[in-house]
Amino acid sequence: MSIIGEGAYGTIYKPPVPCKGNSAKKYANSIGKVFDEEKDMLEEKENHLIVEKIDPEHKYTLPLYRHCIAIKSDKPQLIYKYGGKSLNDILKTNGTIPKFKAVMKTLANLLHGIDALNNKK
């Protein structure tokens, strides 16, 4: 498994860190967000459940498969469907210009999602 992102509340792995207990189910094409604090995981999970009511078909959001305790760290983890490259990854240039079409497609989807969330408040 490799780290694909890091933030203030935890680290994102692809594939997810294996879960403790009898939770051997693997989710194809998924990521795991391992949180430093359980309260942060619970807050994200609660927020996700609210957003899921607005976007139940996951047109603009990623489905949450489950939560568990990561086997090596004993830290809480949320397992989501992998959504592909992040906007940040698309915009990273490494000396080259990002493909305009890829940037516009990603931005358009992001803006449509924000509009959908705004219209459902």
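**View 1. The charged end of K14 lies over the ring of Y82**. The distance to the ring centre is 4.7 Å; a charge counts as over a ring if NZ of Lys or CZ of Arg is within 6 Å of the ring centre and within 35 degrees of the ring normal. The model is predicted, so local features need pLDDT of at least 70 and side-chain atom pairs pLDDT 80 or more, while totals for chains, interfaces and linings use all residues. Residues are numbered from 1 along each chain as its sequence is written, and side-chain values use heavy atoms, without hydrogens and water.

**View 2. A disulfide links C19 and C68**. The S to S distance is 2.0 Å, where a disulfide is a pair of cysteine sulfur atoms within 2.5 Å. One disulfide is found in the whole structure. The link of C19 and C68 is left-handed, with -60° about the S-S bond. Because C19 lies in the loop between β2 (10-14) and β3 (30-35) and C68 in strand β4 (residues 64-69), the pair ties together parts that are 49 residues apart in sequence. Strands (E, at least two residues) and helices (H or I, at least four) are DSSP runs, numbered from the N terminus. Both C19 and C68 are buried (under 20% relative accessible area; exposed is over 50%, partly exposed in between; 1.4 Å probe, protein chains only).

**View 3. M104 sits in helix α3 (residues 100-119)**. With a relative accessible area of 39%, M104 is partly exposed.
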